[in-house]
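We will go from stop to stop.

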Amino acid sequence: MPKSLNNRRMTRRLKGWPSSGSSRLEPARGDQWRIMQFPKSSAPGTPQITNFPNTAIQGDVLTVTCKSTGGDPDPQLWWYQGSAQKDNTYIVQVTGSTRITENNYTFSVMRSHENEDFSCTARNTQDTRTTTVTFASVYATPGNPVLTGPTTFSMGTSQTWNCKTYGGYPLPTISWYLGDQIITGDWTNVTSSNSTYDVESQSTRTVLAADNGKQIQCRVNHQQTLATPKVTSKTLTVYSPPTVSITPDLSNVLTGNDLSLTCSVTSSLSSYTVAWYKVGSAVALTSSTDHTINGRVLTILSAASGDAGNYYCTATNSAGTSANSNNVEVVLYTIPTNAVSSPSSVTTQAGQSFTLTCSASASPSSSISYSWSFGGSVLSTTPSLNVPNAQKGNSGTYVCDATNAYGTTSTDVAVDIQYAPQSAVSQPSVSAAIGTSVSLSCDTDANPAATSYVWFDGSTQLAVTEKINSVEAGSAVKTYTCRATNDVGQSGDIVFTVTGTSTGGGGEPDTGASTGDTGTSLSTGVIVAIVLGIAFLLLIIIIIIVCCICSGSCKKKEKKKKKKSQITPKPEPEVYETRTEQPIYHVETYTPRHKPRPYSEFNPSIVSRKHVDVDMESSDGHGGYGYIYGNNYQAETQRSTTSRFVVRAPPSAVESENGTIISVYDDSRHLTSKRVKHPVHLSGEHTYNTENTHREARRHRRHKKKHHHKREAGEGEESPPRKERRERAESEHRDGSRRKKEKRDRSKHRRSRSERRGESEDLREHGYISDGSPAYSQDNLVTTN
């Protein structure tokens, strides 16, 4: 192929190539060409329309989708409304080996779209395919209703309202409501415009006072487009004549006082007038000297009898005049007066009955209430009081109270109940010395008082007619009888018993009897003796109490002394015999690496009162220390019986330049235990003595305990300055002891740890000691002559 074709692409049909496709010749390198195979062109798929409803509402905005699958080359996808092209924008989506062409068309629905074709067309070089859809119905929502008509009017007038709605399809309906109740419309008018309907309705009614404040409503119903009706309303104001009432509904007034009546008005209009009337007169009341009118209030001044009667009021506004109010009765009252009782007084005998009646004057008389009381207790609440079978306890003053709402008046009735004498003798029996005179008094309770008396000695009437009868006490018991009489009758027998005694009386006389001898009363001397005896007895009791208290404190002291005396004495230490054994010990010598420390650097390890064994050993004379571990030398062993022990060198001891070697053992250890303490240089006889120290401690404890017991027993009270000095001295003593202890602790630890450790290592290296701690120091050794 010529080179002139290198930059040109050639496509032609090749023989033997499959007929389902096409081929194309493209240049490769230089004069070389390559043959490219391509698929055969195809028609687009039928368009598929989605999101297109069967019915729609005017004004809705819809987005409908059209898709076509396949097609080579890719098809064009267009929307048409009728024959007019509306949208030619589309996109191609590739899913695997499938190519989809899509076109989304958005538009607003109109009433004219009903029954109009909407089509989607897919077109390429191979074919053109179309799909068509149509709205079956396009509805139109009716507009908001418009309500016209009055809102303010008087009660009882006829009013008309109009309601209209526009642009609904299909035909909307209108309904009328007053408050929650449906009312009928007079007529309905329908007109058509732009394939929609306009509806107008009218309603006429006579308004009532009860319609005031209610709403008249026009409701537009459209089932196809509205879930709830569209509503417009107006609030009605109905003017009506006022309604009135009077408070209080019953008026009671005390004569001479003022009374006010109020006319309560309910009106739909703020402007109204009030008029007052008295029943029986058609002329409205006006202010005068008898009464005043201030707006809705009628005031009756200084109410008198002529003001009693019934009153009413009326109220008038622009809508009319109210009906008459309720009638209010004005009742004049007076305070009860002139209370009287019948009879004014009562005198009757016991066992009879009596009736008391009370009356009073007041206006109105029916307002009076009565009550009878006696001794503070109410007996009756009626005008009459009846007392049957009266007794002497019914005598007294009875009070009648006549009361109404404005006051009370009272009257008193004296009632006297008479009865025969009754015995009032409290001691009918009396004892007196034989031969003494005894006065017997015939005491009685009677109304009226007893006027005559009759005395009897046994069954024999005496000549005595007085209340008191003097008789002589004899050796025999005698009985006397008295009878008392008044205007009502005679008492029963009042019996006295008189007993004569040889000692001059067995008791004091009481009411009804008295003796003529008063020698049984106590003399002044006897009374003084009794008082002194009682005082002496009280003094003895006080002395006994004081002795008991003192004996109790003494017992406490005795107990404390017993406790002191019962302290177990310190057992005498056992005396051990001096050992006679003289075991032979072998001494091995060595030269320490450190020079022995002075005696003062050693601290005692034996400071108690324990018995100890002290073994004396001599040096081997070779310039070193000797320690017992064999049986070469003899040692003198002495066991002490007190806390004091003596250390001395044995007679055969060999002194060295370093001194004598000793070992100290507890008495619980045997000599062969080999527990060797730290060596100490001795130069003569030394004594370790703690007796003086213990004696001083015991003396201090006894002194302290003695003063402690004194303080407990309340003895030895000291003055505040002395006590303050003592406390300050004790505090200084404690501080000094503490400082001394701290000083000892510091001196004990002042030694160099390296020296202690070096010397201990020397002793431990030869196997003679276990811990290297010092046994005691030279400070504890007291040199004796």
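The tour visits disulfides, then a sheet strand, then a helix.

**Before you start**

This is a predicted model: local features need pLDDT of at least 70, side-chain atom pairs count only at pLDDT 80 or more, and totals for chains, interfaces and linings use all residues. Residues are numbered from 1 along each chain as its sequence is written, and side-chain values use heavy atoms, with hydrogens and water left out.

**Stop 1: the disulfides**

Select the cysteines. How many disulfides are there, taking a disulfide as a pair of cysteine sulfur atoms within 2.5 Å? The count comes to five. Number the bonded cysteines in sequence order, and the pairing reads 1-2, 3-4, 5-6, 7-8, 9-10.

Two cysteines to check here are Cys548 and Cys550. Cys548 is in no disulfide; its nearest cysteine sulfur belongs to Cys547, 7.0 Å away. Cys550 is in no disulfide either, and the sulfur of Cys547 is its nearest, at 6.5 Å. Cys550 has 40% relative accessibility, so it counts as partly exposed. The classes are these: buried is under 20% relative accessible area, exposed is over 50%, and partly exposed is in between (1.4 Å probe, protein chains only).

**Stop 2: Cys66 and Cys120**

Select Cys66 and Cys120. Their disulfide has an S to S distance of 1.9 Å. The torsion about the S-S bond is about -90 degrees, so this disulfide is left-handed. Cys66 sits in strand S5 (residues 61–69) and Cys120 in strand S10 (residues 117–123), so the link ties together parts 54 residues apart in sequence. Strands (E, at least two residues) and helices (H or I, at least four) are DSSP runs, numbered from the N terminus. Both Cys66 and Cys120 are buried.

**Stop 3: Cys163 and Cys218**

Move on to Cys163 and Cys218. Their sulfur atoms are 1.6 Å apart, and they form a disulfide. It is left-handed or right-handed? With -75 degrees about the S-S bond, the link is left-handed. Cys163 belongs to strand S15 (residues 158–168) and Cys218 to strand S20 (residues 215–221), so parts 55 residues apart in sequence are tied together. Cys163 and Cys218 are both buried.

**Stop 4: Cys263 and Cys313**

Now select Cys263 and Cys313. This disulfide spans 2.1 Å from S to S. Its S-S torsion is about 75 degrees, so the disulfide is right-handed. Cys263 lies in strand S25 (residues 259–266) and Cys313 in strand S29 (residues 309–317), so the pair joins parts 50 residues apart in sequence. Cys263 is buried, and so is Cys313.

**Stop 5: strand S47**

Select residues 494–501, strand S47. Show the side chains; they alternate. Ile494, Phe496, Val498 and Gly500 point to one face and are buried.

Which strands pair with S47, where pairing needs at least two DSSP bridges? Strand S40 (residues 429–433) runs parallel to S47, joined by five bridges. In this pair, Ala432 stands opposite Gly500. Strand S46 (residues 478–485) runs antiparallel to S47, also with five bridges. Here Tyr480 stands opposite Phe496.

**Stop 6: the helix**

Finish on helix H1 (residues 524–565), and pick out Leu538 in it. Then select Val526, Ile530, Ile534, Leu537, Leu538, Ile541, Ile545 and Ile549. These residues form a nonpolar patch on the surface, with about 740 Å² of accessible area together. Like charges are joined within 9 Å, and nonpolar side chains (Val, Leu, Ile, Met, Phe, Trp, Tyr) within 5 Å. Accessible areas come from the Shrake-Rupley method with a 1.4 Å probe; for residues, only the protein chains shown count as cover.

Conventions
Patches are made of residues with over 30% relative accessible area and no salt bridge: like charges are joined within 9 Å, nonpolar side chains (Val, Leu, Ile, Met, Phe, Trp, Tyr) within 5 Å. A salt bridge is a side-chain nitrogen of Lys or Arg within 4 Å of a carboxyl oxygen of Asp or Glu. Two strands pair if DSSP finds at least two bridges between them. A disulfide is a pair of cysteine sulfur atoms within 2.5 Å.
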